[in-house]
Amino acid sequence: MQTVTLIGYLATVCSMSSFTPQAWKIIRTRETNGVCLLLSAFILTMTVLPQAEKDAVAKAFDPDD
């Protein structure tokens, strides 16, 4: 396994586990963190978009790329 792939897997685990305390807090307090909600919605949207639309969004955020 390449080092880059291993680092990617590790980053994925860290990213997923970082949501666990936030989810637990929401369950306990019944309050939603708006910033976390917006970022999660953006990630979900980018995941389900067709590639051409993903490219358009990426270009809008980084026109030099």
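Some ground rules to start: numbering runs from 1 along each chain as its sequence is written, and side-chain values use heavy atoms, with hydrogens and water left out. Because the model is predicted, local features need pLDDT of at least 70 and side-chain atom pairs count only at pLDDT 80 or more, while totals for chains, interfaces and linings use all residues.

**Exercise 1. Work out which elements make up the chain and where confidence is lowest and highest.**

Start with the secondary structure: there are three helices and zero strands, in the order α-α-α from the N terminus. Helices here are DSSP runs (H or I, at least four residues), and strands are runs of E with at least two, numbered from the N terminus.

Next, check pLDDT, the predictor's confidence in each residue, from 0 to 100. The chain averages 88, and 98% of the residues score at least 70. Helix 2 (residues 34-48) is lowest with a mean of 87, and helix 3 (residues 51-61) is highest at 92.

**Exercise 2. Find the aromatic pair and describe its geometry.**

Searching the whole structure turns up one aromatic pair. Phe-42 and Phe-61 sit 5.9 Å apart, centre to centre, with 80° between the planes, which is edge-to-face. The cut-offs: rings of Phe, Tyr and Trp (its six-membered ring) pair if their centres lie within 6.5 Å; planes under 30 degrees apart are stacked, over 60 edge-to-face and the rest tilted.

Now place the partners: Phe-42 is in helix 2 and Phe-61 in helix 3, 19 residues apart. Phe-42 is partly exposed at 39% relative accessible area, whereas Phe-61 is exposed at 64%.

**Exercise 3. What is the phi of Arg-30, and where does the residue lie?**

Most residues other than glycine have a negative phi. Arg-30 has a positive one, near 60°. Arg-30 lies in the loop between helix 1 (3-29) and helix 2, and is exposed at 68% relative accessibility.

Technical notes: Buried means under 20% relative accessible area, exposed over 50%, partly exposed in between (1.4 Å probe, protein chains only).
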